Amino acid sequence: MLQHIKLLTKIQTCNLFGLNEARYSSDSRKRNHLILMVIVWGILGLMLLFYVFFLTNAYINMNLADVVPIYLFSITSIVILFFSLFKAGSMIFQMKTYEMLIALPLSKASIVLSRFLTMYGGNFLLSLIIMIPGLGLYGWHVRPSVSFYILGLIGTVLLPLLPMTIATGIGALITA
């Protein structure tokens with residue numbers, strides 16, 4: 001079952017970001033579109049990174065450094081919740097691909113779990129983009145103990161799970 005989940009997650013991730021189309025398509029228009037989308041997402045990621053960096057710096061300069069970790073976790077949760085709300089229904093409940101996969105000797109749990117892991121991977125990257133610069137700047141100025149970094153890393157890894165679960169539940173209600 002673990003091998004099936006790993007393979008399905010890999011395939012789902014390649015299809016999610018359009019890597020298979022760009023890699024195997026002879027249509028140059030699709031490749032150019034993918035390159036343009038990568039550039040746009042890169043610019044948006046940099047804008048988000050700078051936004052978090054400068055807002056964290058502003059909190060620290062206003063002597064509100066104690067608020068920074070809570071602020072970062074809250075912003076990350078809200079951003080992941082909204083992004084997951086938009087894609088939870090279409091990613092988890094893809095009936096067309098589900099009907100094709102259910103005919104294979106795969107369990108339903110491995111199909112759903114692979115889709116959830118694919119969604120977690122994207123949200124984890126989003127969590128890293130928000131948390132790493134903010135916690136790094138906070139650590140640079142405040143100099144907290146080593147336990148802060150360990151708990152911050154654990155929190156960054158586990159943070160996408162709760163908003164994703166809420167968004168998946170709402171997406172299931174909307175799809176139903």
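1. T76 touches S127, I130, M131 and L159, leaving aside residues up to four places away in sequence; contact here means heavy atoms within 4.5 Å. T76 sits in helix α4 (residues 68-92), where helices (H or I, at least four residues) are DSSP runs numbered from the N terminus. With a relative accessible area of 0%, T76 is buried (buried is under 20%, exposed over 50%, partly exposed in between, using a 1.4 Å probe and protein chains only).

2. A word on what you're looking at: this is a predicted model, with local features needing pLDDT of at least 70 and side-chain atom pairs counting only at pLDDT 80 or more, while totals for chains, interfaces and linings use all residues. Residues are numbered from 1 along each chain as its sequence is written, and side-chain values use heavy atoms, with hydrogens and water left out.

3. Next, G139, which belongs to helix α6 (residues 108-142). G139 counts as buried, at 3% relative accessibility. Apart from residues up to four places away in sequence, G139 touches P144 and Y149. R31 is 108 residues from G139 along the chain, and their C-alpha atoms are 41 Å apart.

4. Helix α1 covers residues 2-16, and its 15 residues reach 21 Å from first C-alpha to last, close to the 21 Å expected at 1.5 Å a residue (the expected span is 1.5 Å times one less than the number of residues). Its buried residues are I5, L8, T9 and Q12. They cover an arc of only 105° around the axis, so they lie on the same side of α1; the arc is that of the directions from the helix axis to the C-beta atoms. Exposed Q3, K6 and K10 are on the face of α1 turned away from the buried side. Just after α1, G18 has a positive phi of about 75°.

5. Now the rings. Searching the whole structure turns up six aromatic pairs (Phe, Tyr and Trp rings, the last by its six-membered ring, with centres within 6.5 Å; planes under 30 degrees apart are stacked, over 60 edge-to-face, the rest tilted). F148 and Y149 make an edge-to-face pair, 5.5 Å centre to centre with 75° between the planes. F148 is buried at 17% relative accessible area, whereas Y149 is partly exposed at 40%. Elsewhere, F50, F53 and F54 form one aromatic cluster.

Technical notes:
Helix = DSSP H or I, 4+ residues; strand = E, 2+ residues; numbered from the N terminus.
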